[in-house]
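Here's a friendly walk through a protein model. Have a look at the structure, then read on for some places to start.

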Amino acid sequence: MASWITDRPRASSWASLRWLAAALLLVCLMLTNQSLWIDESFSLAYADEPTARAFGERLVTSPGGEPLMPLGMFAIWAGAKVFGRSELGLRASSVLWAAVAVIIMWRIGLLLGLPWLGTVFACHAFLWYYASEARPYAMTIALAAGVLYGMVMVLLPSRSNGHGITVLVFFGALLCATHSLASVPFVLAAAVVGGSLLAQRWKPPRRLLAAVSIPVVALLGLAAYYIPPYLNVQFNPWKQWATGIDSAVFAIFEILGFMGYAPGRTELREAVIAGGLAGAFESLARPESIGIIFLGLTYLAIAVGYVRARGVTDPHERLVVSSCLVVFAATIAAAAGASFMIGISFWGRHVAAVMPFAVVVAVV
């Protein structure tokens, strides 16, 4: 095992491996064969392309948001060639990405002394939902966990700055190629790492600059690919959700796992169209919504314990938590601001890349 991943003895302990096994068993239960919904039908159109060339032509000529998820749609196309185009086949690759996300979060947990972190992550309703959807969001979560992994490697005391930066930039390039909106949390994580290294007056070795040059060039190419479509974004008069703060509230509601106790997405959208945010709250008046109260009380207890303890005692872990909080909060704020300016709503899935950061804030 590469020494740069972690040198802590718990990394190879049977106890930590049991936590990982439990998490992966949960992932095996995530796949469903329920009927495809409308967004998944867009994925099916890409998956049905017979060749990579035909897929590429569709990607550069189609309207909608799929061209802004090039690597994510390619993964769905490739997955369909391996697993088939049935509901199970189309979603199988998402479950595999959920497993990748759990493994990476488990590794992060080892660095933080929390071998059960991956298992907690595998219990999250947000991951369960998008692991069983033929869309790129499970892949986005997994690659964002990789970005978080690189950030944690740099922020914790070690001699792994170079390896952490390599991991950060490698996963960051893949993340940005998977979903254009995931560029925001990646840039924020990179800024946090850059600020930490500047404070240390750390100088990168030449071999590191060579190692990260390829993903950096790829990022520049992605920027050139993404900028023109965003410059042509027009106002959308057919909003199903109010923009700005309402979208941010619902995104946080999703990412914190409350949707696991809420009505189905279609029912919730209909309630929103009929009554706005108030209608959404009215739709929660059902027995199973008691779980929302318990989960909310859990988060409240975490916050109270954090305040009473005056934060995390270890200064390096405190830096990790505060950095994750910055990435989470700034991404939501940026999405809400953009939503307000261009008049297009956003949902939790559009900022799925912040989920790993939110989980670390909640449990460390």
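## Helices, cores and a few buried spots

Helix α4 (residues 70-83) packs against helix α9 (residues 161-178) at an angle of about 80°, and their axes are 4 Å apart. Axes here are lines fitted to C-alpha atoms, for helices over the stretch in contact, with angles running from 0 to 180 degrees between N-to-C directions. Helices and their numbers come from DSSP: a helix is a run of H or I with at least four residues, a strand is a run of E with at least two, and both are numbered from the N terminus. So α4 and α9 are roughly perpendicular to each other; angles of 65 to 115 degrees get that label, those under 35 count as roughly parallel, those over 145 as roughly antiparallel, and the rest as oblique.

Who meets whom? On the α4 side there are Pro70, Leu71 and Gly72, and they meet Leu174, Ala177 and Thr178 of α9. By class, this contact has four nonpolar, two polar and no charged residues. For those classes, Ala, Val, Leu, Ile, Met, Phe, Trp, Tyr, Cys and Pro count as nonpolar, Asp, Glu, Lys and Arg as charged, and the others, Gly among them, as polar. Contact itself means heavy atoms within 4.5 Å.

A word on the ground rules: this is a predicted model, where local features need pLDDT of at least 70 and side-chain atom pairs count only at pLDDT 80 or more, while totals for chains, interfaces and linings use all residues. Residues are numbered from 1 along each chain as its sequence is written, and side-chain values use heavy atoms, leaving out hydrogens and water.

Stepping back, the protein has 16 helices and zero strands. Among contacts between residues at least 6 apart in sequence, 79% join residues at least 24 apart.

Back to α4, whose buried residues are Pro70, Gly72, Met73, Ala75, Ile76, Trp77, Gly79 and Ala80. After α4 comes Gly84, with a positive phi near 95°.

| Helix | Residues | First to last C-alpha | Expected span |
|---|---|---|---|
| α4 | 14 residues | 20 Å | 20 Å |
| α15 | 28 residues | 40 Å | 40 Å |

Helix α15 covers residues 315-342. Its buried residues include Glu317, Val320, Cys324, Phe328 and Ile332. What covers the buried residues of α15 includes α5 (87-112), α8 (137-155), α10 (183-200), α12 (245-255), α14 (290-308) and α16 (355-363).

Two of those helices, α8 and α16, also pair up: their axes come within 8 Å and cross at roughly 55°. That makes α8 oblique to α16. Ile141, Ala144, Ala145, Val147, Leu148 and Met151 of α8 make the contact with Met355, Pro356, Phe357 and Val360 of α16. By class, that gives ten nonpolar, no polar and no charged residues.

Now for the nonpolar cores, which are sets of buried Ala, Val, Leu, Ile, Met, Phe, Trp, Tyr and Cys residues joined through side-chain atoms within 4.5 Å. In the largest one, with 94 residues, Met105, Ile108, Phe121, Leu148, Met151 and Ile255 touch the most other members. Helix α8 gives the most to this core, with 15 residues. A second, separate core of ten residues includes Phe253, Ala262, Ala280 and Trp347.

Ala353 is found in the loop between α15 and α16, and it is buried at a relative accessible area of 3%. Its C-alpha is separated by 5.8 Å from that of Ala182, though the two are 171 residues apart along the chain.

Ala98 lies in helix α5 and counts as buried, at 0% relative accessibility.

Thr119, in helix α6 (residues 117-122), is buried with a relative accessible area of 11%.

Key
Buried < 20%, exposed > 50% of the residue type's maximum accessible area, 1.4 Å probe, protein only. Expected span 1.5 Å × (residues − 1).
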